[in-house]
Amino acid sequence: MSATANQDETHMTTPELITAHGYTSETHHIWTKDGYCLDVHRVLPPKLNQNPNYNVSENNMQILNEKEKMEYKSHAVTLRKSIPVLIYHGLLSSSADWVLLGPKKALAYLLCDNDYDVWLGNARGNAYSRKHKQYTTRDKEFWDFSWHEIGYYDLPATIDYILEHTGHTELYYVGYSQGTTAFYVMASEKSEYNRKIKGMISLAPIAFLSNQRSPLLKFIVHFYRLMEWGSSYCNIHQWFPHNRLQARALGTIIRNAPGSFTKGFCVCWFSLIAGFGSDQLDKSMLPLILGHFPAGASAKQIIHYSQIILSGSFRKFDYGTTENLNIYGSTQPPKYDLEKIKTSVVIFYSENDFLTDPADVKKLTDSLPNVIETRKIEYSKFNHIDYLWGRDVRKSLYSTVLTVLSKFR
């Protein structure tokens with residue numbers, strides 16, 4: 001990718017990136033039962049984008065001539081036969097994660113090229129899902145959610161919409177990091193959704209975190225009560241919101257300041273969380289990455305993760321003894337019943353991922369009743385962010401993901 005292209009793409013939205021990469025994009029607005037509007041991005045084959053008059057909305061069929069209508073309908077029939085795949089991002093991220101590497105490299109495009117109907121989810125509160133029927137992002141009520149609500153409301157709403165829209169009864173689910181956490185919440189709390197998932201791929205799964213090795217998180221986690229206080233009394237309800245001006249400034253600094261200093265500083269911060277020693281991050285991609293990451297999250301999401309690190313259990317949000325009694329009927333928050341997750345699951349993990357320690361992965365696999373395969377990524381230094389932006393991630397991971405999905409069929 002040239003420096004100019006990199007700079008241009010830094011300021012694009014996910015749909016703009018998809019179009020710039022030669023594919024066709026759709027944006028679908030999905031409402032949850034508790035009032036949030038989620039923007040979900042669909043990646044369609046390049047064929048549908050060859051004619052600038054094409055718009056994949058049936059409402060615009062009248063602008064096409066007869067030949068174009070026949071071609072459109074032919075593409076539509078092919079698309080209906082494609083099994084949907086929902087890909088869900090991690091904490092502080094968005095749908096952009098799955099397209100930043102570009103054609104022939106990014107997971108979204110590899111799946112699309114292999115005849116899957118690709119849908120990219122966006123959790124409430126990130127850059128693409130900041131609307132509510134009643135509240136605005138300035139209201140503390142808007143931010144009163146953790147990854148529990150993402151799993152309990154966002155995923156079911158997204159899955160139901162995709163299945164209704166495509167006419168399928170099942171879809172594949174690929175979750176990364178928090179995207180796996182939310183899935184485990186949904187599949188255990190709303191077990192009827194197990195029947196709607198043909199197969200689930202867990203990339204860097206997170207349910208148990210007591211053995212996480214991130215020096216930064218080990219330091220921060222002990223101050224989660226301070227985070228709760230800041231959220232309650234200082235109106236700090238969101239963390240690291242997406243800010244285009246900030247992203248533009250960071251990108252300019254990284255491109256123009258001495259490379260060894262700025263790029264080294266950014267890589268160090270990533271490594272403090274993700275794992276040291278990997279050579280997979282292409283430092284020239286940093287301005288592009290920082291144009292889209294972080295994409296925002298609620299303080300409560302981070303507090304909830306802090307709680308499960310300290311408790312060693314995969315359980316619901318801890319509101320304190322009194323409030324727990326009111327909400328749960330017990331002084332301690334209940335654990336998620338992972339035995340209820342009947343979906344076939346394939347897990348990918350890496351030894352150098354500071355967040356998904358092999359001991360925690362084993363605890364998860366022992367708790368899930370239908371793990372059909374657990375795969376360790378061969379490159380020993382592969383860390384948490386390499387799942388998204390590693391220079392060799394297609395060879396190290398995505399090719400195997402494609403193979404696993406074909407076995408689910």
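Rings of Phe, Tyr and Trp (its six-membered ring) pair if their centres lie within 6.5 Å; planes under 30 degrees apart count as stacked, over 60 as edge-to-face and the rest as tilted. The structure is a predicted model, in which local features need pLDDT of at least 70 and side-chain atom pairs count only at pLDDT 80 or more, while totals for chains, interfaces and linings use all residues. Residues are numbered from 1 along each chain as its sequence is written, and side-chain values use heavy atoms, with hydrogens and water left out.

**Exercise 1. Aromatic rings**

Task: State which residues form one aromatic cluster, and describe the pair of tryptophan 147 and tyrosine 305.

Solution. Step 1: By the ring rule, the count comes to 26 aromatic pairs. Step 2: A pair of aromatic rings is described by the distance of the centres and the angle of the planes. For tryptophan 147 and tyrosine 305 these values are 5.2 Å and 35 degrees, and the pair is tilted. Step 3: Tryptophan 147 belongs to helix H5 and tyrosine 305 to helix H12 (residues 299–311), so the pair ties together parts that are 158 residues apart in sequence. Helices are DSSP runs of H or I with at least four residues, strands are runs of E with at least two, and both are numbered from the N terminus. Step 4: Both tryptophan 147 and tyrosine 305 are buried, a class for residues under 20% relative accessible area; exposed means over 50% and partly exposed in between (1.4 Å probe, protein chains only). Step 5: One aromatic cluster is formed by Trp147, Phe208, Tyr305, Phe314 and Tyr336.

**Exercise 2. The whole chain**

Solution. Step 2: Of its 409 residues, 55% are buried. Step 3: Among contacts (heavy atoms within 4.5 Å) with a separation of 6 or more, residues 24 or more positions apart account for 75%. Step 4: The average pLDDT, the predictor's confidence in each residue from 0 to 100, is 87, and 80% of the residues score at least 70. Step 5: Over residues 49–59 the pLDDT is below 50, although this stretch has 23 contacts in the model beyond near neighbours in sequence. Where pLDDT is low, the predicted coordinates should not be read in detail.

**Exercise 3. The nonpolar core**

Task: Identify the residues with the most contacts inside the largest nonpolar core.

Solution. Step 1: A nonpolar core is a set of buried Ala, Val, Leu, Ile, Met, Phe, Trp, Tyr and Cys residues joined through side-chain atoms within 4.5 Å. Step 2: The largest such core has 98 residues, and Phe183 and Tyr184 have the most contacts inside it. Step 3: Helix H16 (residues 393–408) supplies the largest share of this core, eight residues. Step 4: Apart from it lies another core of five residues, including Tyr36, Leu38, Phe142 and Phe145. Step 5: Phenylalanine 183 and tyrosine 184 are both buried. Their rings form an edge-to-face pair, 6.3 Å centre to centre with 80 degrees between the planes. Step 6: Beyond four places in sequence, the residues touched by tyrosine 184 include Met200, Phe314 and Leu368.

**Exercise 4. Backbone exceptions**

Solution. Step 1: Most residues other than glycine have a negative phi, and most peptide bonds are trans. Step 2: The bond from phenylalanine 293 to proline 294 is cis, with omega near 0 degrees. Proline 294 is in the loop between helix H11 (286–290) and strand E9 (297–298). Step 3: Aspartate 115 has a positive phi of about 70 degrees and lies in the loop between helix H4 (107–113) and strand E4 (117–120). Its relative accessibility is 53%, so aspartate 115 counts as exposed. Step 4: Serine 177 also has a positive phi, near 55 degrees, and is placed in the loop between strand E6 (171–176) and helix H6 (178–189). Serine 177 counts as buried because its relative accessibility is 7%.
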